[in-house]
Amino acid sequence: MPNRRAHLGIALACATPLAALAIQVCDLDGVAVNPNNGNETAGKSGTMRCRDGDTGQLRREQQLQRGVFMGSARWYKDGILEREHSVNERGNRDGLAREYAASQGPRNPLLREETYRDGQSVGLARSWYPEGPLRRVSFHGDDGREQAVAEFQRDGRLADLRCGPRPLLAPAADDAAWCGHAGPATVTLYGASGAAKSHLTHDRGERRRVETLWENGRTREVWQREGDGGFERRLAADGVRRYESRWVDVPRADAPARRVTVLEQEFAESGTLVRESRWRATERGRESAFERHWYLNGQPRDAQEFVSVDGQALRRDTAFHDNGRKASEGAWALGARGDARAFGVHSRYDPQGHLRAETHYDARGQVAREREFDESGRVTRDDEVFADGSRKAYSR
């Protein structure tokens, strides 16, 4: 009998870093070999078995065909099968692959099963909890990418769901019904605590609505597609709306439609609207339409409106006192690089709504005239302003 300890090999694919340091003794159909020395396996065929050099427990089995590791391969932990698969002539996984819970002892339940094609996972892949219930099922296309996924809690209730363009998860999961391939369908997802965490609605595999929940069961966020657009909404745990946005899909000739946000709103803890921004969708994206802010008492605080006058892009600014009366207004000419210059007449008002001051700007955005008024509207100052900052009483 050959001295099996005379030829020592280090396992190339062990389960843990500590195991990777363990000395293994290997043989090929009873003849001692060193798997790290290609001269000892060159041209040979059969099953190589490697055992722990101290305990003699089986650590791995691999098939050799004409000196190449090809065919079935098995790895063991404490003598119990932990994982198995097959490899092709290129060394890539090919065919059925399984993983087991070797740490569970002789019961050794199956934890994962999938099929490989030249190194890529294809078709159904399933994994289980050590106790036996299905944990996850996924479907991989010919390119190896996941196309559909269902995950489960230990009690069998859905924990996550990603749908494909057609039913793909049978017989392991009923994604035909859950994903609305026979008509719109809504499912509930559950957290580890057993409480519902979200509701999903799909139609023919396309996600149409997502509603996530607070721990108290109230709606936390809503995402919903409607026609060629949709909205997103966020709420506090007490049900008060705090944020909302809306988008539209803008078609593009040579690319998928672009999602463009056209509305955003923010709300205070009381539910009062405090900010609103709107945009106009364009082929290249979007352009600003207006933005508004409110005081917490519900009165308007300021507003910006974006318009075009005779081909000139303008931003009209308006500010308000907290009693709702106008505090100031004026326009700004916008340049191609986002720069802005004062345009036309800018006015200021007192809290009672009386006009108290005007600033007139020339075509270059420089101050050309300043006027002040008393509460009755009578002009108290009217100055012409020059480029060097000097001024004189305005006269016609």
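**A guided talk through a predicted model**

Visitor: Is Arg315 buried or exposed?
Guide: Arg315 has a relative accessible area of 18%, so the residue is buried, the limit for that word being under 20%. Please note that the model is a predicted one.

Visitor: Where is the place of Arg315?
Guide: Arg315 belongs to strand β24.

Visitor: And what does a polar contact join there, on the side chain of Arg315?
Guide: The side chain of Arg315 makes a polar contact of 2.8 Å with the side chain of Asp317.

Visitor: Which residues is Arg315 in contact with, leaving aside neighbours within four places in sequence?
Guide: With those neighbours set aside, Arg315 contacts Gln304, Glu305, Phe306, Gly330, Ala331, Trp332, Leu334 and Ala340.

Visitor: What lies 3.0 Å from a polar atom of the side chain of His321?
Guide: That is the backbone oxygen of Tyr349. Not counting residues up to four places away in sequence, His321 touches Tyr349 along with Tyr295, Pro300, Lys326, Ala327, Asp350 and Pro351.

Visitor: New topic: disulfides. How many does a search of the whole structure find?
Guide: The search finds two disulfides. In general terms, a disulfide is a covalent bond between the sulfur atoms of two cysteines.

Visitor: Take Cys26 and Cys50. Is that disulfide right-handed or left-handed?
Guide: The torsion about the S-S bond of Cys26 and Cys50 is about 110°, so this disulfide is right-handed. The pair links distant parts of the chain, as Cys26 is in strand β2 (residues 23-28) and Cys50 in strand β4 (residues 46-52), 24 residues apart.

Visitor: And Cys163 with Cys179, right-handed or left-handed?
Guide: For Cys163 and Cys179 the torsion about the S-S bond is about -85°, so the disulfide is left-handed. This pair also links distant parts of the chain: Cys163 is in the loop between β13 and α3 (175-178), and Cys179 is in the loop between α3 and β14, 16 residues apart.

Visitor: Are Cys163 and Cys179 buried or exposed?
Guide: Both Cys163 and Cys179 are buried. Cys26 and Cys50 are buried as well.

Visitor: What pattern do the disulfides of the chain follow?
Guide: With bonded cysteines counted along the chain, the pattern is 1-2, 3-4.

Visitor: On to the largest nonpolar core. Which of the 16 residues touch the most other members?
Guide: Ala150, Leu161 and Leu169 touch the most other members of that core. At least two residues of this core come from each of β11 (134-140), β12 (146-152), β13 (158-162) and β14 (185-190).

Visitor: Which of those gives the most to this core?
Guide: Strand β12 does, with three residues.

Visitor: What does Leu161 touch, not counting residues up to four places away in sequence?
Guide: Leu161 touches Val149, Ala150, Trp178, Cys179, Val187, Leu189, Leu200, His202 and Arg207. There is also a second, separate core of six residues, including Leu28, Val33, Met48 and Cys50.

Visitor: How many aromatic pairs does the structure hold?
Guide: The structure holds two aromatic pairs. In one of them, the ring centres of Trp223 and Trp247 are 5.6 Å apart and the planes stand at 25°, so the pair is stacked. Trp223 lies in strand β17 (residues 219-226) and Trp247 in strand β19 (residues 241-252), so the pair ties together parts that are 24 residues apart in sequence. Trp247 is buried, at a relative accessible area of 6%.

Visitor: What sits over the ring of Phe290?
Guide: The charged end of Arg292 does, 4.0 Å from the ring centre. Elsewhere, Arg157 lies over the face of Tyr190, at 4.2 Å from the ring centre.

Notes
Residues are numbered from 1 along each chain as its sequence is written. This is a predicted model: local features need pLDDT of at least 70, side-chain atom pairs count only at pLDDT 80 or more; totals for chains, interfaces and linings use all residues. Side-chain values use heavy atoms; hydrogens and water are left out. Rings of Phe, Tyr and Trp (its six-membered ring) pair if their centres lie within 6.5 Å; planes under 30 degrees apart count as stacked, over 60 as edge-to-face and the rest as tilted. Helices (H or I, at least four residues) and strands (E, at least two) are DSSP runs, numbered from the N terminus. Buried means under 20% relative accessible area, exposed over 50%, partly exposed in between (1.4 Å probe, protein chains only). A charge sits over a ring if NZ of Lys or CZ of Arg is within 6 Å of the ring centre and within 35 degrees of the ring normal. A polar contact is a pair of N or O atoms within 3.5 Å; within protein, one must be able to donate a hydrogen and the other to accept it, and residues adjacent in sequence count only if both atoms are side-chain atoms. Contact means heavy atoms within 4.5 Å. A nonpolar core is a set of buried Ala, Val, Leu, Ile, Met, Phe, Trp, Tyr and Cys residues joined through side-chain atoms within 4.5 Å. A disulfide is a pair of cysteine sulfur atoms within 2.5 Å.
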